[in-house]
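Dear colleague,

Please find below the structure for your review. The findings follow directly after it.

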Amino acid sequence: MNASTNARGIVLFAHGARDARWAEPFERLAGKLRALAGPGVDVSLAFLELMSPDLPAAVAAQVAAGCASITVVPVFFGQGGHVRRDLPVILDACRAAHPGVTIRHAVPVGEDDAVLDALAAYCLSQLNSLG
C-alpha cells in the first residue's frame, strides 16, 4: 500500500501455531477486511508465537508504511492470559518504540455479541444441514 494513503492500520493479532494451515482463516479474514476497509487502511496479521510476523514487527511495518493510528484486534475468543497479561506488555513496547503513533486495542473478537450471534447462527445452520 502507498505510504501516503496509510493514515490508519488494523492488525489482527492471533496466537499462532506450528501448522501453517492454521493461519488460513485469519488470512481470509484479513483479505475480507482489506476489501471492506478500502485503500486508506492498512490491514495485517500478527502472531503471539510460532508464526511471523510478531506484533512489534507488524506495527513497525505499518508505521513504516505511514500509519499514524493503529488498532490491534485480538482474534481470540476471550480474555485469557495472553490477552490480559501478554498483550498489554507487547503494546507498551510498541508504544515506546513508536511514540508518535496512536496504538490502541479492541476487546477480543469472541467477546463481541455480533460475533457470538454469527457463530450461533452458523452452529444452528450446521444442525439443520445435518438433518
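Which residues form a nonpolar patch on the surface? The patch consists of F77, L116 and L119, which together have about 290 Å² of accessible area. Patches are built from residues with over 30% relative accessible area and no salt bridge, where like charges are joined within 9 Å and nonpolar side chains (Val, Leu, Ile, Met, Phe, Trp, Tyr) within 5 Å. Accessible areas come from the Shrake-Rupley method with a 1.4 Å probe, and for residues only the protein chains shown count as cover.

Please note that this is a predicted model, in which local features need pLDDT of at least 70 and side-chain atom pairs count only at pLDDT 80 or more, while totals for chains, interfaces and linings use all residues. Residues are numbered from 1 along each chain as its sequence is written, and side-chain values use heavy atoms, with hydrogens and water left out.

Overall fold

The chain has four helices and four strands, arranged from the N terminus as β-α-β-α-β-α-β-α. Helices (H or I, at least four residues) and strands (E, at least two) are DSSP runs, numbered from the N terminus. Along the principal axes, the C-alpha atoms fill a box of roughly 55 × 35 × 30 Å. Of the 131 residues in the chain, 34% are buried; buried means under 20% relative accessible area, exposed over 50%, and partly exposed in between (1.4 Å probe, protein chains only).

The largest pocket

The largest pocket has a volume of about 450 Å³. Its lining consists of P25, F26, R28, L29, K32, V75, F76, F77, V109, V115, A118 and L119. Two or more lining residues come from each of α1 (24-37) and α4, and α1 gives the most, with five residues. A pocket is an open set of points on a 1 Å grid over the protein atoms alone, where a 1.4 Å probe fits and protein lies on both sides within 12 Å along at least five of seven lines; lining residues have an atom within 4 Å of a point. Grid points are joined across faces, edges and corners, and the volume is the space filled by probe spheres set on the points.

L119 belongs both to this lining and to the nonpolar patch. L119 is found in helix α4 (residues 113-129) and is partly exposed, at 33% relative accessibility.

Salt bridges

How many salt bridges does the count come to? There are two, a salt bridge being a side-chain nitrogen of Lys or Arg within 4 Å of a carboxyl oxygen of Asp or Glu. One joins the side chains of D19 and R21, at 2.6 Å from N to O. D19 is partly exposed, with a relative accessible area of 33%, whereas R21 is exposed at 57%.

R95 and D92 also form a salt bridge, at 3.4 Å from N to O. Both residues lie in helix α3 (residues 81-97), three residues apart, about one turn of the helix. R95 is partly exposed at 30%, and D92 is partly exposed at 48%.

Cysteines

The whole structure contains zero disulfides, a disulfide being a pair of cysteine sulfur atoms within 2.5 Å. C67 is buried at 3% relative accessibility, and C94 is buried at 2%.

Yours sincerely
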